[in-house]
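Me: Can you walk me through this model? I want salt bridges and helix packing.
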Amino acid sequence: MQKLITSVYGQITILTVSFFLLFHHTIIKLVNDWSIDDNYSHGFLIPFIAGYMIWQKKEILEKYPLKPSNWGLVFIGMGMFLHIVGNIGAELFTMRFAIVVTVLGLSLYILGKEIAWEIIIPIAYLIFMIPIPAIIWNKLAFPLQLFAADITTHVIQFINIPVLQEGNILHLPSTSLEVVDACSGIRSLTSLLALSGAFAYIIPMHVVNKWILFFSAIPIAIFVNVLRLVSTAMMAHWIGPETADPEGDLHSLSGMLVFVVAFVILFLLSMALMKIEEKFTGAK
């Protein structure tokens, strides 16, 4: 038994060292992007959240014996292939996605099918740490900018503030507001999807409610960013155009408050779903 444990730890050490030798440049660049791109600053948290998601299932995982599977070599090979192809084509998303595929392969090869299946969602959760390719980001961001601008215009008009919309630019009597990426909702959406995904996995509830909670991040992100735009327009009109300065402290503070509000809404929704589930489960 002692020899088996020693052998397993030896394999884990060799494979871990090999993994970091292969991916260290990709990992360093990924961490650097997290540090300079506000849209993906949550990337620092994703590996730790995934680790907690696995740790939460430790009692279930302890029941399974270690049964290394050679199928893991297939996924490891796929991950290495994706990394090489991405490196040749200078395609960062492919190189980074290869990390997730390789982690899955290592889990299969070292731990076996049963344990790998139990932790496949936490492994897949690592995808949230990878920035969306710019070609996809731009196609999502601009329609969201226009949608947020449209909704904001209607709300502002409803509260009797004169506004003229030109695309993603809102012209007020005292200043103009541009609905940029940060105000489109996509920045909040990427972070909220990661947060709602963790919530949905960790909180004990029916699988349908888990999916509802996960996808609720989309309307919540849009709602809080429209709220931010409307609040900015109101302050610019009633207080002064300096309150709408995108470089100002107030603008930065509003961005943080928006995420706090979104988090509170997400938390309250999760509590409501749990209460509803308890009520119907108790009724049966």
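This is a predicted model: local features need pLDDT of at least 70, side-chain atom pairs count only at pLDDT 80 or more; totals for chains, interfaces and linings use all residues.

Me: How many salt bridges?
Reply: Three. The rule is a side-chain nitrogen of Lys or Arg within 4 Å of a carboxyl oxygen of Asp or Glu.

Me: Which residues are linked in a network?
Reply: Lys-29, Asp-33 and Arg-96. Asp-33 pairs with Lys-29 at 2.8 Å, N to O, and with Arg-96 at 2.6 Å. Arg-96 sits in helix H5 (residues 92-111) and Asp-33 in helix H1, 63 residues apart. Helices here are DSSP runs (H or I, at least four residues), numbered from the N terminus.

Me: Is Asp-33 buried or exposed?
Reply: Buried, at 12% relative accessible area. Lys-29 is partly exposed at 35%. Buried means under 20%, exposed over 50%, partly exposed in between (1.4 Å probe, protein chains only).

Me: What does Glu-118 meet in a salt bridge?
Reply: Lys-57, at 2.7 Å, N to O. Glu-118 is buried at 17%, and Lys-57 is buried at 16%.

Me: Switching to packing. At what angle do H8 and H12 cross?
Reply: Roughly 50 degrees, with the axes of H8 (residues 134-158) and H12 (residues 217-238) coming within 9 Å. Axes are lines fitted to C-alpha atoms, for helices over the stretch in contact, and angles run from 0 to 180 degrees between N-to-C directions.

Technical notes
Residues are numbered from 1 along each chain as its sequence is written. Side-chain values use heavy atoms; hydrogens and water are left out. Helices (H or I, at least four residues) and strands (E, at least two) are DSSP runs, numbered from the N terminus.
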